[in-house]
Structure formats: structure tokens, C-alpha cells
Amino acid sequence: MSIVDTNTSGTLPLWIDGKAVAAQSKRTSPITNPATGEVVRQAPMANAADVDAAVQVATRAFEEWRATPPLRRSRILTRFRELLEAHRDEFARLITQEHGKTLADAAGSLQRGIEVVEFASGVPHLVKGEHAEDVGRGIDCHSMLQPLGVCAGITPFNFPVMVPLWMFPVAIACGNTFILKPSEKDPSPSLLMAELAKEAGLPDGVLNVVHGDKEAVDALLNHPGIKGISFVGSTPIARYVYETATRNGKRVQALGGAKNHAVVLPDADIEFAADAVIGAAYGSAGERCMAISAVVAVGATGDQLVETIRAKAAKLPVGPGDQPGIEMGPLVTREHRDKVKGYVDSGVSEGAKLVLDGRAFEGAGRESGFFIGPTLFDQVTPDMKIYQDEIFGPVLVVVRAETLDEAIGLINRNPYGNGTAIFTRSGGAARRFQNEIEVGMVGINVPIPVPMAFFSFGGWKNSLFGDLHVHGMEGVYFYTRTKVVTTRWTEDKPVGSSFVMPTLGR
Ligand code: NAD
């Protein structure tokens, strides 16, 4: 049986050196089931001593792990992938219990994470480097991609399995050891992943899990034994993590928040666009960094589009994510639900037109769960808070624009640049959009353009601090350092000293 017993309300352990260990810190934080409001278990809030214990273990494990041939690492990852698949239902249940999203959505997010493990299993090919013969007379040159050492991942609540899987499979495939600090709101699936990695043959100490909040994060950012930090979360914390850890000489990739726009041109299939937009806006209750939270309705079709979205969204089945037929679950915590409701209040007082009001949600779990129904605003303007802020809930705002130029200008002025989509039948308009838009991930008639694992995932502007995206080859480059070796094996007689800049090509 897993160390995460879904029936107890005890305190979770940390996972250090291939074992469950009690945290030295006695501080804990409750984990709630958002559909019922019940506390299901407690997460320990690790302190600097807990983090240091994990770093010591990961540092020791690194020497042996970096010397393990990539093909062996790859075989462990392949076995790990099989175990993730075999435990699909258990993962989905845990994710739904602690996060609130539906079981089907939870299983889908696991699948997207498994794809990164598949990608990372190709590591012997991914870290091959380059070789050139005769860069000078009798001189060859080759490059090697070598691991950094101990890396850490700090992850958000909204994808408790997928986002950690963006990070540690690639990191350990490349020969690093890893400390994962999952969100304190839904940390249990991380323990299950660590247990399964051990079962797959991962040596003790290569993957460690510490739970916690700012105290644990600060200990990771300031620990001299950690060489690389991957972070995914909100923009203010991403900026803080990036600034603190780079100041401490670490390599950092810090992915932040988003305000993703979908542009609907007048020539689009309105029915298709509305279906795509409501899935992307209200799926996972809008708690996705790639959720569509703003629609830019271009030209005369705006009224028809808003009415089609309203009619479909009003029928969306909302309720506990573990019940059949439900398409949208609750928000993660009571505080977050109240914050999202506050945004709806502010939209009304700022003069936006409230077309569908989710505040008056009626349904199962209404009394104790953290629910809000799908909410739709029309006639929203860029000066309103509901347009400017990332709400991270099921609140969709519609901004009207006259032209494609106006829509592109609006998106490019937005401080976020994670994802965007355009709905059109015009290849020319789509081509212009993909060329001019200042956003990292673009969908053309695709509402949530989350790249596959063999491409990289990452936004622009305030949606990413750092230079390299996660997974794909950018992930491999993040978790490796390049070394270039220039070699001469010659039987010619020695050439003597030279005091000029070497110019091998001559
Ligand atoms: P968050 O920023 O509150 O927390 C993320 C992580 O940082 C957690 O592990 C948390 O424990 C830690 N943390 C929180 N406050 C901290 C502090 N003051 N100092 C140090 N560490 C701290 O984010 P969240 O609410 O868990 O997740 C939602 C956010 O994540 C949204 O903004 C969403 O857009 C973003 N997100 C972005 C992506 C992306 O790919 N760009 C993906 C998923 C989520």
C-alpha cells in the first residue's frame, strides 16, 4: 500500500534517500478536499534543516548517478512510465481529492506528464553532443552535455503531477539528482511518484520530496549545494525565485502566471470557436496557466459569439470532480474561491456587463465545497481589474475589437505572454498572427496549445523569467552544461611554442 493512505488524516512524510521520513519541523498545513471542505491530511512545512538533509543525500547520490550510463537511466524511466500508467486511477483519485478537478481531467493531466517521461527515456540520444573531425590539421573537436548536480523543482497546486513531471524526469535522465518541493495544497501525488520511481529502480537519493511553503523554498534558493532551480507558479513568486536564486549563482527557469487571449475573427465558425473557448475557459475551473481567460471578439460577430458562449456555459455540469457527468469542479481553497468572487464583484462595479453570474452556484457541495459557477463578462475594457489580473477561476471576459490589428496590439501590450489562440478560416490572418504576436505558445483553431513533450513549453514576458523553457531540447539544455573538447593526437614532430591566438582552421 502506498504511503499516501487516502483514508487517514495524518501528517505526510518527506521522501529522502528513498524512504519516507518525518519532517524535523513540527509546523504543518492542512490539505482540504475542495469538493467537501474537509481536511483530508496535513502537509509538514519543512525547515532549513529538512532541506539541508535532502541536499546532503542528493549530493552523495549524484556522484554515482552521473556515472550511470544514460541507457541505464533510460531503462529506469521506461519502467517508471509503466508504473505511472498502472497507477493511473490512484493518481486521478488523489489529484481530484486534493485539487478538485474532475477524474477525467486529472487522468488527462497525468497522461501529459507521462509523455515527458517518454521523451526523457530517449536520453542516450538527447545528450549525445556534436563532433567535428579536422577542425584544424590533425585536430578534432567534440562537445559533451554534462549534468549540473543537485537540482530542485518548486511546483504550483494546479497540476500536482504534470508540472513535477515537466521537470524531474528530464533532470534525472540527464544525470542530475533532484529535490521536488510540490505545492503544499496538493502534495500527496508527489510522494506516490517518488515511491514508484524507487520501485522502477531509481537509486535512493536521486529523487527526494520535501513539502513546505516559503520557508522551504527560501532554504532551497539559498542552499549552496543546489545548482539549478525550476519553478512554476504565479508571476510575483516566479520573479522572486528568479532574482534570489540567480543572485546566488544558480541556473533558474521560473514560469509565471498568464492572461491568455483567444481572438475570434468574423470569418470563424462561431459554434466551433464557442465550444473550444468554453472548454479552455472553464475546464479545471479556469485553474490552468493555459486557460483562455479573455476573448477578443473582432467585428460584427461579437453579439452572436457572446450569446453562444453564454448558452453553452450556462448548461455546464458543475459539482464534485469524482462524480460522473461533471465537467467542472470546485476551486482549490475557500480563500481562492472568495478571491475569485471578489473579482466578479469588482467587474460589476467597474461597469462590465455580467452575462452569466457564477456567484449564485446551486448544486451538490454548495454548502461546504469551494464552488463557483461559470461566469461571463462582456464589454470589458483594458482598464478594468478583471481584464488586467490573472483571476485563475472560471471567469471569462470578452473584449470587443474592430480589427485584427487592434486585437494583436491589445495582446502585445499585455504584460503576460504565456498562450494565445486565434479562430479563423483565413490562412493569411493566422500567419500574420503567429508572426506578430508576442506570446510563447500559439494555437491556430486550437484553444489550449500546450506543446507536446518533444517541443518546449514556456511563455514570454512576465510568464517566464529565465532563458530556457521546460522539456523538449530546451529542458535538456537547462539541465546540462556544455563542455567542448579540442583534441590533437598527432604523430608529426612537435610544432614548438606559439604566442599568437590559435587559428586552427589554417
Ligand atoms: P504560487 O506562486 O502561489 O505557488 C507556487 C509555488 O511557490 C508553491 O510550491 C508554493 O509553495 C511556493 N510559494 C508560494 N508563496 C511563496 C513565497 N512567498 N515564497 C516562496 N515560495 C512561495 O502559485 P499557485 O497558486 O500554486 O499556482 C497558480 C499559479 O501558477 C498561477 O499564477 C498559474 O498561472 C501559475 N502556473 C503557471 C504555469 C506556467 O507554465 N507558466 C503552469 C501552472 C501554473
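The questions and answers below go through a predicted model, in which local features need pLDDT of at least 70, side-chain atom pairs count only at pLDDT 80 or more, and totals for chains, interfaces and linings use all residues. Residues are numbered from 1 along each chain as its sequence is written, and side-chain values use heavy atoms, with hydrogens and water left out.

Visitor: Which residues come nearest to the ligand?
Guide: A residue is near a molecule if one of its heavy atoms lies within 4 Å of it. There are 26 residues around the ligand, and those that come nearest are Lys181, Glu184, Ser234, Gly256 and Glu390.

Visitor: How much of the ligand's accessible area does the protein cover?
Guide: Accessible areas come from the Shrake-Rupley method with a 1.4 Å probe, and for residues only the protein chains shown count as cover. On its own the ligand has 840 Å² of accessible area, and the share that the protein covers is 89%.

Visitor: Is Lys181 buried or exposed?
Guide: Lys181 is found in strand β8, residues 177-181, where helices (H or I, at least four residues) and strands (E, at least two) are DSSP runs, numbered from the N terminus. Not counting residues up to four places away in sequence, Lys181 touches residues that include Gly153, Val210, Ala216 and Leu220, contact meaning heavy atoms within 4.5 Å. Buried means under 20% relative accessible area, exposed over 50% and partly exposed in between, with a 1.4 Å probe and protein chains only. Because its relative accessibility is 3%, Lys181 counts as buried.

Visitor: What covers the buried residues of α8?
Guide: In helix α8, residues 214-222, the residues Ala216, Val217, Asp218, Ala219, Leu220 and Leu221 are buried. The elements that cover the buried residues of α8 include α1 (48-66), β7 (150-154), β8, β10 (226-232) and α9 (235-247).

Visitor: With which side chains does the side chain of Arg27 make polar contacts?
Guide: Arg27 lies in the loop between β2 (19-21) and β3 (28-32), and Arg27 is partly exposed, with a relative accessible area of 36%. Leaving aside neighbours within four places in sequence, Arg27 is in contact with Ala43, Pro44, Met45, Asp213 and Glu215. Polar contacts join the side chain of Arg27, at 2.9 Å, to that of Asp213 and, at 2.8 Å, to that of Glu215.

Visitor: Why does Ser293 count as buried?
Guide: The place of Ser293 is in strand β13, residues 292-298. Ser293 touches Lys259, Asn260, Val395, Leu396 and Val397, not counting residues up to four places away in sequence. Ser293 is buried because its relative accessible area is 14%.

Visitor: How many aromatic pairs does the structure hold?
Guide: Rings of Phe, Tyr and Trp (its six-membered ring) pair if their centres lie within 6.5 Å, and planes under 30 degrees apart count as stacked, over 60 as edge-to-face and the rest as tilted. The number of aromatic pairs in the structure is 9.

Visitor: What is the angle between the planes of Phe478 and Tyr479?
Guide: Phe454 and Phe455 form a tilted pair, 6.0 Å centre to centre with 50° between the planes. Phe478 and Tyr479, both of them buried, form an edge-to-face pair, 5.0 Å centre to centre, and the angle between the planes is 85°.

Visitor: What is the phi of Phe392?
Guide: Phe392 lies in the loop between α13 (385-388) and β16 (395-401), and at 16% relative accessibility Phe392 counts as buried. Although Phe392 is not a glycine, its phi is positive, at about 60°.

Methods. A polar contact is a pair of N or O atoms within 3.5 Å; within protein, one must be able to donate a hydrogen and the other to accept it, and residues adjacent in sequence count only if both atoms are side-chain atoms.
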